[in-house]
Amino acid sequence: MTLDDRTPEPDRRRPEGWSARSPVPAAMLNPCLMALVIGRAASGYRRESNEVMPLALSFIVAPLILHRGTREALPTRITSHVATWISRQPSIRAGFPIRAAALVQPVREGIRFGVREGILEVDHNGLESRGPTRTTDEPALSELLSRSAFVGRWMTKVDRPSTVFTLFGVTV
């Protein structure tokens with residue numbers, strides 16, 4: 001309850017019922033897909049840096065990967081500096097904070113699902129993938145997972161997650 005009006009606040013921890021979600025968002029934002037995308041990014045991060053991926057980066061990975069225009073505009077080499085790339089993508093940067101905010105709850109659901117199902121492991125150091133590493137025959141899913149691994153590797157080139165958040169205009 002809020003102190004001002006004594007009305008109950010919505011429970012933001014509880015996901016919206018699946019029957020109430022429209023089919024496309026339910027498919028694209030389902031917890032299993034989210035866990036796989038985040039897990040593949042964590043695998044890429046681990047492969048490049050030999051460290052676990054900071055948990056906060058999960059909230060950057062999802063909007064980079066799940067938005068087609070952003071995903072298709074990503075560089076092809078991890079040597080491309082994140083700050084340079086985002087400065088050359090003003091339309092992506094302009095919409096990114098809104099997309100990131102809209103994906104907070106699905107990312108949380110995905111992380112919880114991933115931990116529960118053994119796809120992800122979270123500890124005080126960050127997030128690690130424990131999920132499947134094999135590829136899929138589904139081209140759309142294969143692209144999402146491939147680009148997720150790339151983003152994980154690319155994020156190792158930035159010194160702190162807070163720098164990434166600042167570059168993309170995301171505030172906590």
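Angles under 35 degrees count as roughly parallel, over 145 as roughly antiparallel, 65 to 115 as roughly perpendicular and the rest as oblique. The model is predicted: local features need pLDDT of at least 70, side-chain atom pairs count only at pLDDT 80 or more, and totals for chains, interfaces and linings use all residues. Residues are numbered from 1 along each chain as its sequence is written, and side-chain values use heavy atoms, without hydrogens and water.

**Stop 1: H2 and H3.** Select helix H2 (31–49) and helix H3 (58–66); helices are DSSP runs of H or I, at least four residues, numbered from the N terminus. They pack at about 110°, axes 10 Å apart (lines fitted to C-alpha atoms over the stretch in contact; angles run from 0 to 180 degrees between N-to-C directions). H2 and H3 are therefore roughly perpendicular. Show Met34, Val37, Ile38 and Ala41 of H2 against Ser58, Val61, Ala62, Ile65 and Leu66 of H3; contact means heavy atoms within 4.5 Å.

**Stop 2: Phe168.** Phe168 is buried at 0% relative accessible area (buried means under 20%, exposed over 50%, partly exposed in between; 1.4 Å probe, protein chains only). Beyond four places in sequence, its contacts include Ile60, Leu64, Arg93 and Pro97.

**Stop 3: the rings.** Pairing needs ring centres of Phe, Tyr or Trp (its six-membered ring) within 6.5 Å; planes under 30 degrees apart are stacked, over 60 edge-to-face, the rest tilted. Trp85 sits in helix H5, Phe168 in the segment after H9, 83 residues apart. Now select Phe150 and Trp154: stacked, 5.8 Å and 25°. Finally, show Trp85, Phe96, Phe150, Trp154 and Phe168 together as one aromatic cluster.

Definitions and conventions: Helix = DSSP H or I, 4+ residues; strand = E, 2+ residues; numbered from the N terminus.
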